[in-house]
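Please keep the sequence and the structure in view while reading.

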Amino acid sequence: AFNSTEMVSRLKIRYIVAPTDSGDTARRISRFKPDCLIVSLSPNLATTRELAFSSGVVPIHIKKPAKGWDTKIMQLMKESGLTIKNDRILVAESSNLGKATGTNSLKVITID
């Protein structure tokens, strides 16, 4: 969580996106008050509702993609009008898709 907030200021990240089932990742990042919004994507409606009370978190309820999150994230961010071309987004997720192993991966996506 701390590393993600450090990356925001150094790499001029526009949003942090945290795909989550439980909401833990978004809540942990929120504690450090990054200089950008945290977009939390969750297939769990209860988690989405709970995250509405976390500072700086914008919870979005979505269906879980069958493959990776990257395509879904880029599509959602473009369609919502939140990003423009060449914006950078930081994705904080588990590298073990579909398993509750915690967040162990940070990657920067540039909107094309």
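Of the 112 residues in the protein chain, 39% count as buried. The model is a predicted one. Its chain contains four helices and five strands, and along the sequence these follow the pattern α-β-α-β-α-β-α-β-β.

**The sheet**
- The five strands form an open sheet with mixed pairing, and their order is β3-β2-β1-β4-β5.
- Strands β3 (57-61) and β5 (105-110) stand at the edges; each has a single partner strand, so one side of each is left without a neighbour in the sheet.
- From one strand to the next, the twist averages 25°.

**Pairing of strands**
- In general, the strands of a sheet pair through backbone hydrogen bonds, in either a parallel or an antiparallel manner.
- Strand β2 (residues 37-42) and β3 run parallel and are joined by five bridges.
- Val-39 has Val-58 in β3 as its bridge partner.

**A helix on the strands**
- Which strands does helix α1 lie across? Helix α1 (residues 2-11) lies across β1 (15-19), β4 (88-93) and β5.
- Relative to β5, helix α1 runs at about 25°.

**The chain as a whole**
- Among contacts in the protein chain with a separation of 6 or more, 47% are between residues 24 or more positions apart.
- The protein chain has an accessible surface of about 6500 Å². Carbon and sulfur atoms account for 51% of that surface.

Key. Residues are numbered from 1 along each chain as its sequence is written. This is a predicted model: local features need pLDDT of at least 70, side-chain atom pairs count only at pLDDT 80 or more; totals for chains, interfaces and linings use all residues. Side-chain values use heavy atoms; hydrogens and water are left out. Two strands pair if DSSP finds at least two bridges between them. Helices (H or I, at least four residues) and strands (E, at least two) are DSSP runs, numbered from the N terminus. Axes are lines fitted to C-alpha atoms, for helices over the stretch in contact, and angles run from 0 to 180 degrees between N-to-C directions. Contact means heavy atoms within 4.5 Å. Buried means under 20% relative accessible area, exposed over 50%, partly exposed in between (1.4 Å probe, protein chains only). Accessible areas come from the Shrake-Rupley method with a 1.4 Å probe; for residues, only the protein chains shown count as cover.
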